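Open the model in your viewer and get ready to select. We will go stop by stop.

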Amino acid sequence: MDTSIQTTDAPPPPPQPSPVEQKRAARGATRPGDRIFLGLSRGSGILLLVIMAAIAAFLTYRASIAIGKDDANFLTTFEWNTGLVPPEFGIAVLAFGTIVSSVIAMVIAVPVAVAIALFLTHYAPRRLAGPIAYVIDLLAAVPSIVYGLWGAMILVPHLNGLNGWLDEYLGWTGIFSWDGLAPRSMLTVGILLAIMILPIITNVSREVFRQVPRMHEEAALALGATRWEVIRMAVLPFGRSGVISASMLGLGRALGETMAVATVLSPSFTIQTSLLDPGGGTFAQNIASKFGEADELGRDALIASGLVLFVITLLVNGAARAIIARRKEYSGANA
Amino acid sequence: MAKRIDVSGLTAYYGSHKAIEDISMTVEPRSVTAFIGPSGCGKSTFLRTLNRMHEVTPGGRVEGKVLLDDEDLYGAGIDPVSVRREVGMVFQRPNPFPTMSIFDNVAAGLRLNGKYKKSELNDIVEKSLKGANLWNEVKDRLNKPGSGLSGGQQQRLCIARAIAVEPDVLLMDEPCSALDPISTLAIEDLIGELKERFTIVIVTHNMQQAARVSDRTAFFNLAAVGQPGRLIEIDDTERIFSNPSVQATEDYISGRFG
Amino acid sequence: MSHAVLTDKRPSTLRGARLPKWSPWAIAAGSIAVAVGIGLAAGLDSRVQWGLIAAIVFVLGTYVIAARVEGGRQAKDRVATSLVWVAFLLAVIPLVSLVWTTISRGMKVLDPYFLTHSMGLVADAEPGGGIYHAILGSLEQVGLATVIAAPIGVLTAIYLVEYGRGRLAKAVTFFVDVMTGIPSIVAGLFILSLMLIFEMQPFGFAGSLALAILMMPVVVRSTEEMLKLVPNELREASLALGVPKWRTILKVVLPTSIGGITTGIMLAIARIAGETAPVLLLVWGNSLINANPFEGAQASLPLYIYQQYANSAGAGAAYDRAWAASLTLIAFVMILNLVARGIARWKAPKTGR
């Protein structure tokens, strides 16, 4: 704040004195305009902090009410019966489902996204790459409910074949066995989430790959490297941390995605050993599905599960931030 | 090892823009040939056509012939990747791979071309670093990142990386323009030693440098901005700097333009 | 000695055996034929499977043929190329399917009647009805959220860029990042916990508050980026004339970056317009027209899509409406995106990069 006064107090010597000079002097050193403006903008910043604090505080408060009434262990129980006397509910199934579906999504989306990003920066004909990147940019803006509707109506019936095939050849693992029910399963959810986070991971990775200094690629080329070897020697090492943080961004989305999971998954409060059989649930999906018929305790219980989701996403985003920060230091030391 | 380069009727484009036109010259093996000329005259572009790096630039294409000991680099069936393995290049700004150690930087080209035993790699890396006059400075920190070296050391590291694969020709694109005078001197000394083993072509903005290091000098010029660059003359360095046969060369060298 | 080892391993010529230029196409055609063959023979009914088989055959075939003819390094390079193409084509399938389905199925019932009528007394399984009430609700909720979030977001960004030094600014920067990662349903739960405390019933403005929380960090981030693009020389030129800082910001910095800031705000609007989860918790949905966002349940476009899908019990009419509403929503979001990008391009500050 004092910087503003310092800078404005040191204008160059004005060439012509009178009227301008007078006006400046009349306004004085305090300058109410500056103070009001600073107050407003700083106030907005503080308001943001207050909102964040309030989110944490109120969620914790309501969650503590619910957990206090919970007759079972909140972390390890496989049930969600808030209507029972005494109520018994826990997040074990939800935590499992959230993590499993997100892991499936990441396993599919990250390699494909990196490949598409490489396609756009190093393989596609230039005339094609620009428009495609633009379209992918737009696809990142498609609302999740539309993905959900598409997933439920189009993707689910199309996965029957894949499920049958997995069951036939990999069914013996137990993870890929299938009892023939409509594939409203964790695998389907994972695939849909992968499709949803594909555009965002692709976009960020593409940006990173585009920033690879041309001279590093030329160094590899001049040594007689093929295109793939250039990518392995110069592009991927340079872009690695960027890709990781892009993936974390995608992971954050997948963890918190509500509607797409709610429309596709056929939920239950059991942990399915097979990824192909319907059942299970995620934090966000459970909140959306259970909310309609929940009484006050039911809502508090859902808020408690939301708090857990909140903490998980905070951790993931924190990790992404830490990686980005390290990358900045790293490239700074390089310059 | 060192090979002769014979260029005839070479024209290079960026998209529809003609960057250099109809260049023919011969570069002798085991000698240093310097390219001089004003900015934008296409000497770097021409250099990059000699190892097929020009076509890496979007829109870049080439017409004409570049014979490397009777084999046309632009002939049918020639693999540009193999060309670049045999015609090494050092760039204007030192560009060691930032994520690799000093050792890995030098070994990078070797690892592409086949499997080597650890001891073989050690030998070649040591020999290359010695060849680049860098061994004594880095032998105790081969596993440290190459980006931690000074600019001049980085450039010598890049030279070591280029000579590790034993190319036939070594192209240098203004290798000293980003370096201080002492590092420049070190590189110039090194060029003098390397010409015993390699055919060296060097682009430079610095006429004293051309006079100091090269055996032959080629002068490039362009008629006007937007016009393609052309080879004005190529001759023994001594002659170019004392008694050139073209007036424009003399004007450029004596500092009347450029 | 090492020298000898070296030269032995180098190919003696610049010429390598190369596959002809048309070989990827030939291999692709071949693998599609093989996939169709396998698909017909094994009686696989899903075309997706045929595509997957073709992709796998293509990559493997490329590797085997290239390794035979060109050697290991070239084969790896070709496999990388084919994998990258395959990844791209595979990813295109669902995305094209999404857009195509939405357009083709959405067009069925999308007409002026659909846009100008509410669901009124239309039962979920019956045909008819429309989305007027949902559009109205969406516009009001998103509009109110924007009115709250845009000024706060822009002012915060101004604070961070123009004044921000010290611990407060660092904390704000950190928590803006944290806020960007909040799942939308958590923002909804936060407002819900407030409503539980004050024993309130669902209403439109509650949804706006949750949407505003989701919108603020996006606006802060994009505005920050735009303000940072304003060259410092401009600020210094103005300050050096003795113009006070706040007038410099209002008259010099903001006008220079207004295009980018508008773009950022529009993209943020596009993002929250598609949010369903918080609206589901806080606004409930309503099949009747409710023009008052401060009292009573309201509808919203994304929520309408969900409810048509979830409550339809398999009725085709409800699915048709869901698709038509999806098309409307996507059209709205895309128009916002395109206009925003247009503004960004048109008003981009000339930084001479």
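**Stop 1: a strand and its neighbours**

Select strands E9 and E10 (residues 229-236) of chain B: seven bridges join E9(B) to E10(B), and the two run antiparallel. Strands here are DSSP runs of type E with at least two residues, helices are H or I runs of at least four, and both are numbered from the N terminus. Two strands pair if DSSP finds at least two bridges between them.

This is a predicted model, where local features need pLDDT of at least 70, side-chain atom pairs count only at pLDDT 80 or more, and totals for chains, interfaces and linings use all residues. Residues are numbered from 1 along each chain as its sequence is written, while chains are lettered from A and ligands numbered from 1 in the order in which they are written.

Now click B:Ala218; B:Ile234 in E10(B) stands opposite. In the hairpin of these strands, six residues lie between them, and B:Gly226 takes a positive phi near 95°.

Four bridges join E3 to E9(B), and they run parallel. B:Ile36 stands opposite B:Phe219 in E9(B).

**Stop 2: buried or exposed?**

Seven of the seven residues of E9(B) (residues 216-222) are buried, so the strand is largely enclosed by the rest of the structure. Buried means 20 or more other C-beta atoms within 10 Å of a residue's own, exposed means 12 or fewer, and partly exposed is in between; C-beta atoms are placed from the backbone. B:Arg216, B:Ala218, B:Phe220 and B:Leu222 cover one side, with B:Thr217, B:Phe219 and B:Asn221 on the other.
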